[in-house]
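Biologist: I would like to learn how to read contacts between chains. Where do we start?

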Amino acid sequence: MTPKSNALLAGLKNHDPRAIGRAISAVENNTAEAAALLSALDRDLIDNVLVLGITGPPGAGKSTLTSSLIRRLREQKKRVGIIAVDPSSPISGGAILGDRIRMMEHALDPDVVVRSMATRGRLGGLCASAGAAVRIMAASGCEVILIETVGVGQSEMDIVRLADITLMVLAPGFGDDIQAMKAGLLEVADFLVVNKSDMAGAEALCMDMEQIFSAKEEESEIKRVLQTVATENMGISTLLDSVDRFAHYITANGIKEKRRDKALDAETIDWVIEMLRPKFIQTMTECSEKSDPRVRAQELINTFKLQ
Amino acid sequence: MTTQQTPYRVLIGKPGLDGHDRGAKFIARALRDEGFEVIYTGIRRTAAEIAATAIQEDVDVVGLSSLSGAHLRLFPEVVRELKDRGGADIPVLGGGVIPDEDIELLLKEGLNAIFTSGTPADTIIQSFTTASQQHRDHDAQK
Amino acid sequence: MSTNKKHSDWQENELSTSLNRFPERKEEFTLHGDTEIPRLALPENINDDYLEHLGFPGQYPYTRGVQPTMYRGRFWTMRQYAGFSTASESNKRYRYLLDQGTTGLSVAFDLPTQIGYDSDDPMSLGEVGKVGVAIDTLADMEALFADIPLDKISTSMTINSPAIVLLAMYIVVAEKQGVPADKLRGTIQNDVLKEYVARGTYIFPPKPSLGLITDIFQWCSSNMPLFNTISISGYHIREAGSTAAQEVAFTLANGITYVQTAIEAGLEVDHFAKRLAFFFNASSNLLEEIAKFRAARRLWARIMKNRFEAKTPASMMMRFHAQTAGSSLAAKQIDNNIVRVTIQALAAVLGGTQSLHTNSRDEALSLPTEDSVRTALRTQQIIAHESGVADTVDPFAGSYYIEQLTDAIELAAEELIAKIEQSGGVVACIEDGFIKRQIEQAAYDYQKQIESGERVIVGVNAFQIDEEEKPELLRVDPMVEEAQVNSLQNVRKQRDEPEVQSRLAALKETAESDTNLMEPIIDAVRAYASIGEICSVLRGIFGEYRD
């Protein structure tokens, strides 16, 4: 541990915003301090944190819902972390991280820790370092961490891996999008939140969704399709109560642990790829095989004696 | 533009009550097109909110916009709030409807650069890039 | 037929020869928003049914103007927006303008007042008296209009979210002058919908804000028949970067929402619609602007007649105020701005505006000096008296290009309005960001063109000079904020505090019910309750809008 990483660690324990911010940057940018820092984090805090993933198509009101959830969690005196993810431009590599705007009411609350992150080239809807950021926030005392993602079609699988519980947010009027999504995410989401439920079509949407979620509801005896009107703070308490009950349920019968193990494995592989990528790119030019990608890949692997 | 290193992070915000965000939004997008990660905090923010957000997000630069004439009061306040929160090293740039004679005052109060209306976007982006680079270099040395 | 043949002959011969000698200045000539500008508009490009399509001035669909004689009867009102620092300073400026020939007052309020904060509120720090006059209580309003007879002038107040409070104050000031409310003439902007997408001085969420607006419509239609209760604004939408067609579309869509809301509240369209006014931008593309105003007028008339089934002509007539485009003012070589404003003012006049504000040359730097303001006013007077354009009605009618463009803008606006309707209406499109995104994209495209040099702004990205003269600028005295805060605290000391509290309590009760809030607010204002105190009560009940 360097003095720098020691200082950051101390800062995390003190809930110092600057330290938290810098620690997350360190793991995001994979600096020298990152590895030391991550291995020194308090494992109990990480084990006990609840990670909620919030995903869904644009326009469903995710940001507003997130803000309402934060408000309610704060009323319950919980220390909350939020990771808001926005897509990086594939052309410039830059990003507008605009989810923050809806959370500015919490800007001066020391127990709301927000970090905006860009996907930085990843297609999975989340950035590579979201997992590490979650652990940093947990180590700084956050009891519940909300991750709000980009929400475009099939690419939310990352969130499901990373979160303990995944909320999918829809709103009436998204008919076509829902059809497209049925194949993937709906099956893995834990809760379906019908936001803007004061709009026409909400009932019909709920009924559709209840069909899909009926097996899960039966199994856990918890209602999984819920209605909210985030702009009016309606349905938020019920949602949090259900999430809470579900959290106990998955902890009690080992589901949470299994999910975490799976996530750990998946993230490890991600990191292996991330770390090897620059080396492979560098070495690629030296490959004798020029045309077939699969053959070339095998050659690269052989070069690194990974067989 | 950052190719090898990780993207620079900047915060763009409007302190005070002024609601004209056309310029701020354009700069935010232009910065994004140059590879910056831009945290846009919108209008009607207090200096404290802007500073707290900048610290949380660990930005390299803070950019402020004001068209209501309140810059002399509000821009230095953001600098102060950053300092109070341990972010004295984060450079602050400002732009908007700002008469030339206020520029020196603002620079004395700790602003890094000021852009009056009509300044080409390229000039502004160059300033952000330079300030970000300096901030990163300074960080690396610590 | 024969024109067509002559046209292709011309293209093959004279035009071709010319293009071979030297090409046109640009590959493509487009308006902002990418509409192609024709090299040459021709008779066949326009609808030649004069009566149906254009009509006569003062007759449906009002394409040529809302009044039969237009400026031959009366010039447009020369109404210069003004107001800064304290009420007494503003009062001096108003009396100066009235002496110089201005025919109506237009009040600018500072941001704290516009957003319902008292001058001593922490949110008001640094903002008091900067972009307009600070009004905390009735005492400030009394100072603002001291020695100005409210029965003799008309006053336009640029106030939106807390318009009901300022209107109440205006009524009480008049009352104290002995002028009854039914004699008062003027306008309150009172257009909250555009605040959410373009101007930013919102307080409460859309639904309760629409409720306040309906309260004003209702109360004024019975008690203040000469007062315009809303100025549905496109100016700010355009300033935020929209195209001309978007300016028309979003403004009229907002108008539709207000009319709809009022009807749902039980008001009869022909009772309140004649008091609706509009406010547009007068931008730099002279010909596009003229077409825009004519298109807006015709489209609104058709909407009022067909959709809302208005019966009285007055309900279908779009009367509007225009302001030259603030965002076009350059901070370099500022005398050039006088020329810009002249062209923009000309556009508004040729477009048939009822009243006009011309910007001053130094406004990209700060609030205008007295000299600059006088020149801006003279610009209007020279157009009126020396240019001849006011001596005939709608002189550009029949121009192939203008009529073609009028039709095109009307069509584009109509389509955009339909899209908004299909997406659930204006409030839904505000909440999901559709309107904002449209404006932002247009703004971005425009700015990119400036940055690349494709769009020339003289003195700014072309024809620059090295040494700029430093102009004399107006500086707002920094002591203004302190003085205003002291003044407010004095009023608080001297007023009947229990009375104020009881009026605020009564207001709270009424606001929780469905009753019209005008009377309780007038009562509160009379007791010298402050704007911050009143808005605080309402914030507690309606909530605050957050972006």
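Modeller: Start with contact, which means heavy atoms within 4.5 Å. By that rule, 34 residues of chain B and 39 residues of chain C take part in their contact. This is a predicted model: local features need pLDDT of at least 70, side-chain atom pairs count only at pLDDT 80 or more, and totals for chains, interfaces and linings use all residues. Residues are numbered from 1 along each chain as its sequence is written, chains are lettered from A and ligands numbered from 1 in the order in which they are written, and side-chain values use heavy atoms, with hydrogens and water left out.

Biologist: What area is buried between chain B and chain C?

Modeller: The size of an interface is often given as the accessible area lost when the parts come together. Buried area is that loss for two parts (1.4 Å probe), summed over both. Between chain B and chain C it is about 2,800 Å², with carbon and sulfur atoms giving 51%. On the chain B side, B:Leu17, B:Arg22 and B:Arg44 lose the most area to chain C, together 28% of what that side buries.

Biologist: How many salt bridges cross the interface of chain B and chain C?

Modeller: A salt bridge is a side-chain nitrogen of Lys or Arg within 4 Å of a carboxyl oxygen of Asp or Glu. The rule finds 2 across this interface. B:Lys25 and C:Glu440 meet in a salt bridge, 2.6 Å from N to O. Over all chains the count is 62.

Biologist: Which salt bridge joins B:Glu37 to chain A?

Modeller: The partner is A:Arg120, at 2.7 Å, N to O. Helices (H or I, at least four residues) and strands (E, at least two) are DSSP runs, numbered from the N terminus. B:Glu37 lies in strand 2 (residues 37-40) of chain B and A:Arg120 in the loop between strand 4 (112-118) and helix 6 (130-139) of chain A, so the pair joins two chains.

Biologist: Is B:Glu37 buried or exposed?

Modeller: Buried means under 20% relative accessible area, exposed over 50%, partly exposed in between (1.4 Å probe, protein chains only). B:Glu37 is buried, at 0%. A:Arg120 is partly exposed, at 27%.

Biologist: Which residue of chain B forms a salt bridge with B:Glu37?

Modeller: B:Arg9, with the closest N and O atoms 3.4 Å apart. B:Arg9 lies in strand 1 (residues 9-13) and B:Glu37 in strand 2 of chain B, so the pair ties together parts 28 residues apart in sequence. Both B:Glu37 and B:Arg9 are buried. Salt bridges that share partners join A:Glu28, A:Arg100, A:Arg115, A:Arg120, B:Arg9, B:Glu37 and B:Glu57 into one network.
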